[in-house]
Amino acid sequence: MRKPLPVLLLLSLLTGAWSDGEVRFKNAEKAIASKDYTTALTEFEAALTADPDNIQYGSEYRQAVIQAKEYDRCIKFFEKLVADHPNSPNAYLNYGFAYVDKIPAAGTITQVILANTALTYFTKSLELKPSWIAYYTRGNSYLYWPKIFGRAALGVADLEQAMKMQKADSQKRSYHVRAYISLGDGYWKTDQLDKAKAVWKEGLELFSDNTQLKARLSKEGDALKEYIDDVLDPNKRVDTNLQEIWTNK
């Protein structure tokens with residue numbers, strides 16, 4: 001049985017101060033603080049059911065799923081969510097990330113299936129609404145594939161689109177540094193080292209304290225290859241926390 005809502009949250013719902021989704025999200029946050037993941041996952045799911053395209057709710061839900069190791073539950077939840085709300089691009093984006101989140105817990109063959117499925121839903125998100133985060137996400141995902149699959153060039157194309165969008169943005173946002181890092185990695189994986197260095201340097205001019213850009217620019221040859229191969233190791237957990245997106249609007 002689901003636990004009752006805290007009094008303040010219940011009052012907020014009754015008075016209209018918060019929507020149902022906001023109430024359930026706040027309840028989930030409180031459960032996370034006390035490490036009650038059973039309640040947290042239930043409340044996050046209720047929040048997303050009320051507001052399926054909320055990128056914050058989806059991201060926070062997935063981070064709780066990672067802690068609870070409830071990957072299959074998360075995938076099944078998003079499967080139903082997008083079926084019920086087929087025009088919600090952020091729901092598809094988080095659905096794709098749910099597969100990415102499971103990759104480190106899977107075997108090698110299953111990892112490939114999960115990664116390919118994730119790309120399918122990132123693409124669906126882009127078809128519904130082209131966005132910086134969707135272009136960046138799909139583009140960056142292509143870079144994790146071995147060269148034999150020939151997907152790095154697809155990653156470069158997506159990341160160049162993300163770069164165009166962020167350069168058209170009048171405001172510099174902290175997450176924009178990700179495109180400089182990943183686009184450079186894409187150029188490096190497609191044997192365009194001069195372009196890789198150029199975009200890393202451009203990024204460092206804007207984000208002068210970024211350690212990842214500094215590390216790439218300080219290395220050459222095998223040392224650079226070893227560094228990027230380690231960063232793009234598919235066996236390592238990818239940081240799929242999207243907090244910067246809603247905190248840097």
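User: How many aromatic pairs does the structure hold?

Analyst: The structure, a predicted model, holds 16 aromatic pairs. Rings of Phe, Tyr and Trp (its six-membered ring) pair if their centres lie within 6.5 Å; planes under 30 degrees apart count as stacked, over 60 as edge-to-face and the rest as tilted. In this predicted model local features need pLDDT of at least 70 and side-chain atom pairs count only at pLDDT 80 or more, while totals for chains, interfaces and linings use all residues. Residues are numbered from 1 along each chain as its sequence is written, and side-chain values use heavy atoms, with hydrogens and water left out.

User: Why is the pair of Phe25 and Tyr57 called stacked?

Analyst: The ring centres of Phe25 and Tyr57 are 4.6 Å apart and the planes stand at 20 degrees, so the pair is stacked. Phe25 belongs to helix H2 (residues 20-33) and Tyr57 to helix H4 (residues 55-68), so the pair ties together parts that are 32 residues apart in sequence. Helices here are DSSP runs (H or I, at least four residues), numbered from the N terminus.

User: What makes Phe25 count as buried or exposed?

Analyst: Buried means under 20% relative accessible area, exposed over 50%, and partly exposed in between (1.4 Å probe, protein chains only). Phe25 has 5% relative accessibility and therefore counts as buried. Tyr57, at 5% relative accessibility, also counts as buried.

User: What is the pair of Trp132 and Tyr175 called, stacked or tilted?

Analyst: Trp132 and Tyr175 form a tilted pair, with 4.9 Å centre to centre and 50 degrees between the planes. Trp132 lies in helix H8 and Tyr175 in the loop between helix H9 (152-167) and helix H10 (177-189), so the pair ties together parts that are 43 residues apart in sequence. Trp132 has a relative accessible area of 9% and is therefore buried. Tyr175 is likewise buried, with a relative accessible area of 9%.

Definitions and conventions:
Helices (H or I, at least four residues) and strands (E, at least two) are DSSP runs, numbered from the N terminus.
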